[in-house]
Amino acid sequence: EQVCCLISRRKLYSGNLARVLSDLLRVRILADYRPSRLSKVRATRALGKARRLVSAVEKRLQFEEDKR
């Protein structure tokens with residue numbers, strides 16, 4: 001719900017970020033609740049997506065701070 005608000009309605013972030021959040025949640029659920037281990041490749045990809053997400057949020061926060 002909050003993701004939709006920030007991305008779709010308010011257009012504060014790129015639409016790509018909605019998919020990133022759902023992808024990361026899916027990977028976390030697999031890692032937490034599946035008996036098999038998460039592959040290194042999949043974990044590395046998830047880490048890259050998480051870093052891009054955090055970077056986008058940091059840029060937005062800096063932009064808001066600079067407007068004050």
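The model is predicted, so local features are given only at a pLDDT of at least 70 and side-chain atom pairs count only at pLDDT 80 or more, whereas totals for chains, interfaces and linings use all residues. Residues are numbered from 1 along each chain as its sequence is written, and side-chain values use heavy atoms, with hydrogens and water left out.

**Overall picture**

The protein has three helices and zero strands, where helices (H or I, at least four residues) and strands (E, at least two) are DSSP runs numbered from the N terminus. Read from the N terminus on, the order of elements is α-α-α. Confidence is expressed as pLDDT, the predictor's own score for each residue from 0 to 100; the protein averages 84, and 84% of the residues score at least 70. Confidence is lowest in helix 1 (residues 2–9), with a mean of 61, and highest in helix 3, at 91. Where pLDDT is low, the predicted coordinates should not be read in detail.

The accessible surface comes to about 6,000 Å², and carbon and sulfur atoms hold 54% of it; such areas come from the Shrake-Rupley method with a 1.4 Å probe, and for residues only the protein chains shown count as cover. Of the 68 residues, 13% count as buried, a term that means under 20% relative accessible area, while exposed means over 50% and partly exposed lies in between (1.4 Å probe, protein chains only).

The buried residues of helix 2 are Leu17, Val20, Asp23, Leu24 and Val27. Seen down the helix axis, these buried residues fall within an arc of 115° (taken from the directions from the axis to the C-beta atoms), so they line one face of helix 2. On the other side of helix 2, Arg19 and Tyr33 are exposed.

The largest nonpolar core has seven residues, namely Tyr13, Leu17, Val20, Leu24, Val27, Ala46 and Leu53. A nonpolar core is a set of buried Ala, Val, Leu, Ile, Met, Phe, Trp, Tyr and Cys residues joined through side-chain atoms within 4.5 Å. Helix 2 and helix 3 (40–67) each supply at least two residues of this core, and the largest share, four residues, comes from helix 2.

Contact here means heavy atoms within 4.5 Å. Leaving aside neighbours within four places in sequence, Leu24 is in contact with Ala46, Lys49, Ala50 and Leu53. Ala18, in helix 2, is partly exposed, with a relative accessible area of 31%.

| Pair | Apart in sequence | C-alpha to C-alpha |
|---|---|---|
| Arg60 and Leu12 | 48 residues | 7.7 Å |
| Leu53 and Val20 | 33 residues | 7.5 Å |
| Ala18 and Leu53 | 35 residues | 9.7 Å |
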